[in-house]
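Here's a quick tour of a chain, from its overall fold down to its packing. Have the viewer open as you read.

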Amino acid sequence: MADALRTKLTGRTILVLVFGFLYLPIAVLVLLSFNASGLPTTWSGFSLRWYVSLAGNSDILHAAWNTLIVALVATLIATVLGTMLAIGMETRKRKSTALEALAFAPMVIPDIVLAVALLTLFSRLNVTMGLSTIIISHVIFDLAFVCSVVRARLKNFDFSIVEASRDLGASSFTTFWRITFPVLLPAIIAGALLAFTLSVDEFIIAFFTSGAGRSSITLPMQIYSMIRFGVTPEINALATIVMGVSAAALLLSQWLNKEQMTR
């Protein structure tokens, strides 16, 4: 009994230490974003002044708008293509390890390598850098993640109902829209939310594939440009908002993924 209690306490202690190591810096950043003082590391009282300041900063608002455009468009395209890729790969009669590795390579390739590759490609094609190149790059990056989430649902999908629908005279489109799509919808939404989160947070690929000037700056790039002159409570507030949006989308994605896996 004593050994079991000791083991349980040890496990909880390790869990607390690990989570503390992971999230204590984030908690400090969030706390200091409400700091009344202009000093980023000295607490002088609770205040929302830095969040109010963000609302009046035109550069930050413009970067936020760019981020929203990139994230929404890239998510939409990546969700459609990722879902199609997942269905195509899962319904193949002959499985290919090489094809699997090729499809999911963007998930494991370092961001800096993918960014340099995309920059080289756009340069060779004489493509003008801007929001369009960032969107294309994010689609390539997000597509594999959407495909992975949707394929997880397809692993438990009963394809016999698709065959039954066709035997009853339904067309391929009707079968997909009435049977396959409703079953996959929670996974598709979960994959879209994950893609949106990744697109909002992504910095390296956007930095390499953006154009010159203010017109293609996203929020992570704006934070980077601001932090070069020192960390301020305004940066803490902006980082807190970005983390909050990303965390909310990621939690919703995980919840939807869990729900569809239990069905």
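## Fold at a glance

Helices here are DSSP runs of H or I with at least four residues, strands are runs of E with at least two, and both are numbered from the N terminus. By that count the chain has 12 helices and zero strands. The C-alpha trace spans about 70 × 70 × 30 Å along its principal axes.

This is a predicted model, so to speak of local features takes pLDDT of at least 70, side-chain atom pairs count only at pLDDT 80 or more, and totals for chains, interfaces and linings use all residues. Residues are numbered from 1 along each chain as its sequence is written, and side-chain values use heavy atoms, with hydrogens and water left out.

## Packing

Take contact as heavy atoms within 4.5 Å. Of the contacts between residues at least 6 apart in sequence, 72% join residues at least 24 apart. Buried residues (under 20% relative accessible area, 1.4 Å probe, protein chains only) make up 38% of the 263 residues.

## The cores

A nonpolar core is a set of buried Ala, Val, Leu, Ile, Met, Phe, Trp, Tyr and Cys residues joined through side-chain atoms within 4.5 Å. The largest one has 16 residues, and I60, L219 and L238 have the most contacts inside it. Two or more residues each come from α2 (49–55), α3 (58–90), α9 (172–201), α11 (219–227) and α12 (233–261), with α12 giving the most, five residues.

Leaving aside residues up to four places away in sequence, L238 touches L54, I60, L219, I223 and M226. A second, separate core has 14 residues, including M89, F104, V146 and F157.

How values were computed:
Buried < 20%, exposed > 50% of the residue type's maximum accessible area, 1.4 Å probe, protein only.
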